[in-house]
Amino acid sequence: MVIKPSAGREPCRVLALADDLSGAAETAVALRLPGRIVLGPAPAAPPAEGEALVLDLDTRQLPADEAARIVGEAVRGAAAGTVLIKKTDSLLRGNLAAEAAAYARGAAGLVIAPALPVAGRTVRDGVVHLRGTPLHATDAWRAESLPVPHSVAAALGGLRTAGVPLGAVRSPRAELTVLLRDLMAAGLRPVCDAETDADLDAGIAAALPLGPDVRLMGTGGLAAALGRVLSPAGADVPSPRGPLPPDRPLLVVVGTAEPGAVAQIAQLTDAGARHTALPAARLAEAGPPLSFPVDPHGVTVVSVGNSRGILAGSARRVVAGLARAVAAVPHPANLVLTGGETARRVLDALGVTRLHPAGEIHHGAVHSRTDDGRSVVTRPGSYGDTASLLRIARALRPVHPAVPGGQPVVRDDQPAVTAAGSVAPVPPPYASSAPQGEDL
């Protein structure tokens, strides 16, 4: 089957693979096709024609060889004729080299386009730039244990690649298709430069005529380009049926050390949300989950206190403790989960295995529904401006006090129902309300 990027062609099925949950959700909404997000890596029923299955393989924090094994198994399980796209981190983090090698194995070819123009992340001469600055000249990898790669090719390790410069990307479609075919025939994987969405569209338009045995790999920007080809003009992700339950509390779980998260939390608390920062050391301990006050009718924010920092090697225990604390909340709260690791661990603790994408509140802030009707918004820790969390809260709770005419403000000296189910005053904050833990 040759996939033609033109209107009126028969629908195809899409399998998208992601290494964390926020990336999976971003991909699902970008594809603009009916479908579901499955919290893998367990096998899932394949997508039907015209649908997308997005698998969160949960490999971001795994050893490289284990991540590669999981990616290889997911690819081998794809039905013939399925369009495959592998979502990668726009900052080149994670097990990129190992997963790319496993993903490329057995394919007729692999086209790579890691730009994300909507977030100011572009690729020129094979180098990722953040708002015009080369990635390796920024502090975007400050929380990573390895040195930042100086190019996409370096991040891909031993995978044989060839750069496709902007001039070639912007050449006539037929010429770019021939170039991609020739590079793949020589055993090379094209890495396409891109500075705009139109550049990503050009890469997709040139790659799809090569057939589904040529796989795609890139950010949510590439998934969006694929969605613009595969879905009808103007289409959006169909919203799950049924209104949002009006009486559920909204629980915002902040699991990121991004500096902007502090200001985002402050905007919510200024609007009347209740905030508790749980001590990292306590979260990392074994034992019963920590409890925290939850406003059963309003908005509650919980984050990880960082005044004493997180000990090296304890970040995963901290986020596991945070997830257990959230799962212990007695109310079936709607959730806002920042950071892919936080989102996955919280939903695992709640027993959620599948999400149905409903739309996007702002770029990267994806609104989904669970099978039992719970509303869940996932967002990468590094995304969003200062008003991000407030915008999400307004979208989910339009009668929140941040909007004129909303409910009364709940102050920190008023009682609230705790996660253990009793009524208790809010404990004093743990020295600092700033969050801790990169993309926890």
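Q264 is found in helix α9, which spans residues 260–270. The structure is a predicted model, in which local features need pLDDT of at least 70 and side-chain atom pairs count only at pLDDT 80 or more, while totals for chains, interfaces and linings use all residues. Residues are numbered from 1 along each chain as its sequence is written, and side-chain values use heavy atoms, with hydrogens and water left out. Helices (H or I, at least four residues) and strands (E, at least two) are DSSP runs, numbered from the N terminus.

**The surroundings of Q264**

Q264 counts as buried because its relative accessibility is 3%, where buried means under 20% relative accessible area, exposed over 50%, and partly exposed in between (1.4 Å probe, protein chains only). The side chain of Q264 makes a polar contact with the backbone oxygen of D385 at 3.0 Å; a polar contact is a pair of N or O atoms within 3.5 Å, and within protein one must be able to donate a hydrogen and the other to accept it, while residues adjacent in sequence count only if both atoms are side-chain atoms. Leaving aside residues up to four places away in sequence, Q264 touches R379, Y383, G384, D385, T386, S388 and L389, a contact being heavy atoms within 4.5 Å.

**Helix α8**

Helix α8 covers residues 220–230 and is mostly covered, since 10 of its 11 residues are buried. Among these buried residues are G220, L222, A225 and L230. What covers the buried residues of α8 includes the strands β1 (14–18), β4 (83–87), β5 (109–113) and β11 (214–218), together with the helices α1 (21–31) and α7 (197–207). At the start of α8, a side-chain oxygen of T219 comes to within 3.0 Å of the backbone nitrogen of G221.

Strand β18 (residues 365–369) is mostly covered, with 5 of its 5 residues buried. Both of its faces are covered, as A365, H367 and R369 on one side and V366 and S368 on the other are all buried. Two strands pair if DSSP finds at least two bridges between them, and β18 pairs with β17 (residues 354–362) through 5 bridges in the antiparallel sense, with G359 and H367 as bridge partners. The hairpin of β17 and β18 has 2 residues between the strands, and there G364 takes a positive phi near 85°. Strand β18 also pairs with β19 (residues 375–379), antiparallel and over 4 bridges, where S368 has V376 as its bridge partner. The hairpin of β18 and β19 has 5 residues between the strands, and G373 in the turn has a positive phi of about 90°.

**A three-stranded open sheet**

Elsewhere, 3 strands form an open sheet in the order β6-β7-β8, with antiparallel pairing. Its edge strands, each pairing on one side only, are β6 (121–124) and β8 (133–134). Strand β7 (residues 127–130) is joined to β8 by 2 bridges, and L130 has T133 of β8 as its bridge partner.

**Charged pairs**

A search of the whole structure finds 21 salt bridges, a salt bridge being a side-chain nitrogen of Lys or Arg within 4 Å of a carboxyl oxygen of Asp or Glu.

| Pair | N to O distance |
|---|---|
| R60 and D89 | 3.5 Å |
| D199 and R170 | 2.8 Å |
| R316 and E341 | 2.8 Å |

The side chains of R60 and D89 meet in a salt bridge, and this pair links distant parts of the chain, 29 residues apart, with R60 in the loop between β3 (52–56) and α2 (64–76) and D89 in the loop between β4 and α3 (96–104). R60 counts as buried at 14% relative accessibility, and D89 is buried with a relative accessible area of 7%.

D199 forms a salt bridge with R170, and this pair links D199 in helix α7 to R170 in the loop between α5 (166–169) and α6 (173–185). D199 is buried, with a relative accessible area of 5%, whereas R170 counts as partly exposed at 48% relative accessibility.

R316 forms a salt bridge with E341. R316 lies in helix α11 (residues 315–327) and E341 in helix α12 (residues 340–350), so the pair ties together parts that are 25 residues apart in sequence. R316 counts as partly exposed at 39% relative accessibility, whereas E341 counts as buried at 8%. Both R316 and E341 belong to a network of salt bridges that also links D56, D58, R344, R345 and D348.
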